[in-house]
Amino acid sequence: MSVKQLFDLTGHVALVTGGSRGLGLQMAEALGEMGAKLAITARKADELAQARAHLEGLGYEVETVVNDLSKFDQIPALVDQVLARFGTIDILVNNAGATWGAKAEDYPDAAWHKVMDLNVNAPFFLSREVGKRCMIPNGRGSIIVTASVAGLKGTPPGMNTIGYNTSKAAAIHFARTLASEWGHYGIRVNAICPGFFPSKLANGLIEKLGDSLVTRTPLRRIGGDEDLKGAVVFLASEASRHITGQALVVDGGASII
Ligand SMILES: NC(=O)c1ccc[n+]([C@@H]2O[C@H](COP(=O)([O-])OP(=O)(O)OC[C@H]3O[C@@H](n4cnc5c(N)ncnc54)[C@H](OP(=O)(O)O)[C@@H]3O)[C@@H](O)[C@H]2O)c1
C-alpha cells in the first residue's frame, strides 16, 4: 500500500460529535477531504445545518443528528440515524465537550456533573454502542477522543477548571484502557490533546491569558484552523494501524516546558 493509500479514507464512515463548529468541524472537514462520509452531531439544529451546508459545499456526504449527548438514553437513536443513512460507522470522534470555570471550593455540583456527563460518560456510552453494533462485528474501527493538554499536566493558578481538567485526564485513560480491551477486535482507540485553539469554548480563557499563551509556547503560536487536521486523519486511517492507546499532543510544544 502506498503512503497516500494509508491515509485515504474513501468509503469510510466517520461520526464526529460536536461537529457543528470549532475543533469538531475542523476534524470533520479533514476526514471529509480524505474521502470519509460524515455524520456530525450537536444540540443546536441551526449551527448543524450551517456546518452541513459548508461540508456539502466542499463536496462531502453529510448526515446531521440533533442530539444532546448528556441524555444518555438518546444515544442508541443517534446511532440508529447514522446507520440508517450510511450503514455502519468506521471512525468515531468523541469530540463534544464542555467546561466550567469556578474555584474548587465553590464548584457547583451541577457543573461538575455537566462536565463529567459530556466529557467522560457520553464518550464511553457512545463508544460502547458503536463498538457493539459496528466496530466489533466489522472487526475494525478507530475511536478518537478529543482530550486536552489540561488532562496531562497542571494548569496555571487562576484557571479554575478542576472539573474539565479531571475529565480530560479521564479521557486519556479511557483511550488507553479501551485500546487494551478492544485491540483484539481490530479496534484502535487514541486521544488527541489539543493546546489552545480559538473556539466558543476557549475564547474566554485565551483572552484572559493573553500574550503569555504565545510567548510560553515553543512554536510561538496557538492552534489554528488546520492544525488538528493531520492528527485526526492520521489516527483515523491505516497510517496509524500499529498505534493504539496513545495521546497525541497538538499544542505547539506548550506542554513540554
Ligand atoms: N478549543 C480549545 O482550545 C480546546 C483545547 C483542548 C481541547 N478542546 C476540546 O475540543 C472539543 C471541542 O471543543 P471546541 O473548542 O471546538 O468547543 P466548541 O466550539 O464550544 O464546540 C463544542 C461542540 O460540542 C457540542 N456540544 C456541546 N454540548 C453538547 C451536548 N450536551 N451534547 C451534544 N453536543 C454538545 C457543541 O454544539 P451544541 O452547543 O450545539 O451542542 C459544539 O458542536 C471539546 O472536547 C474540548 O474540550 C478544545
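Gln 74 touches Asn 67 and Asp 68, when residues up to four places away in sequence are not counted, contact here meaning heavy atoms within 4.5 Å. This is a predicted model, in which local features need pLDDT of at least 70 and side-chain atom pairs count only at pLDDT 80 or more, while totals for chains, interfaces and linings use all residues. Residues are numbered from 1 along each chain as its sequence is written, and side-chain values use heavy atoms, with hydrogens and water left out.

Gln 74 is found in the loop between strand E3 (62-66) and helix H4 (75-86), where helices (H or I, at least four residues) and strands (E, at least two) are DSSP runs numbered from the N terminus. At 33% relative accessibility, Gln 74 counts as partly exposed; the scale calls a residue buried under 20% relative accessible area, exposed over 50%, and partly exposed in between, with a 1.4 Å probe and protein chains only. From Gln 74 to Thr 88 there are 14 residues in sequence and 18 Å in space, C-alpha to C-alpha.

Thr 41, in strand E2 (residues 37-42), is by contrast buried, with a relative accessible area of 1%. Not counting residues up to four places away in sequence, Thr 41 touches Leu 15, Val 16, Thr 17, Gly 18, Gly 19, Ser 20, Leu 48, Val 65 and Leu 78.

The ligand comes next. Of the 28 residues around the ligand, those that come nearest are Arg 43, Lys 44, Asn 95, Tyr 164 and Ser 199, a residue being near a molecule if one of its heavy atoms lies within 4 Å of it. An oxygen atom of the ligand is 2.5 Å from an N or O atom in the side chain of Ser 199, and for the side chain of Arg 43 the corresponding distance from a ligand oxygen atom to an N or O atom is 2.7 Å. In the side chain of Arg 21, an N or O atom is 2.9 Å from an oxygen atom of the ligand. Of the 880 Å² of accessible area that the ligand has on its own, the protein covers 97%, with areas taken from the Shrake-Rupley method with a 1.4 Å probe.

By class, the shell around the ligand has 12 nonpolar, 10 polar and six charged residues; Ala, Val, Leu, Ile, Met, Phe, Trp, Tyr, Cys and Pro count as nonpolar, Asp, Glu, Lys and Arg as charged, and the others, Gly among them, as polar. Helix H2 (22-33) and helix H6 (162-182) each supply at least two residues of that shell.

Because six of the eight residues of H9 are buried, H9 is largely enclosed by the rest of the structure. The buried residues in H9 are Lys 229, Ala 231, Val 232, Val 233, Leu 235 and Ala 236.

Asn 160, in the loop between strand E5 (141-146) and H6, has a phi near 55 degrees, a positive value in a residue other than glycine, and at 32% relative accessibility Asn 160 counts as partly exposed. Arg 220 has a positive phi of about 55 degrees although it is not a glycine; Arg 220 lies in the loop between helix H8 (212-215) and helix H9, and is exposed, with a relative accessible area of 54%.

Note on methods. A polar contact is a pair of N or O atoms within 3.5 Å; within protein, one must be able to donate a hydrogen and the other to accept it, and residues adjacent in sequence count only if both atoms are side-chain atoms.
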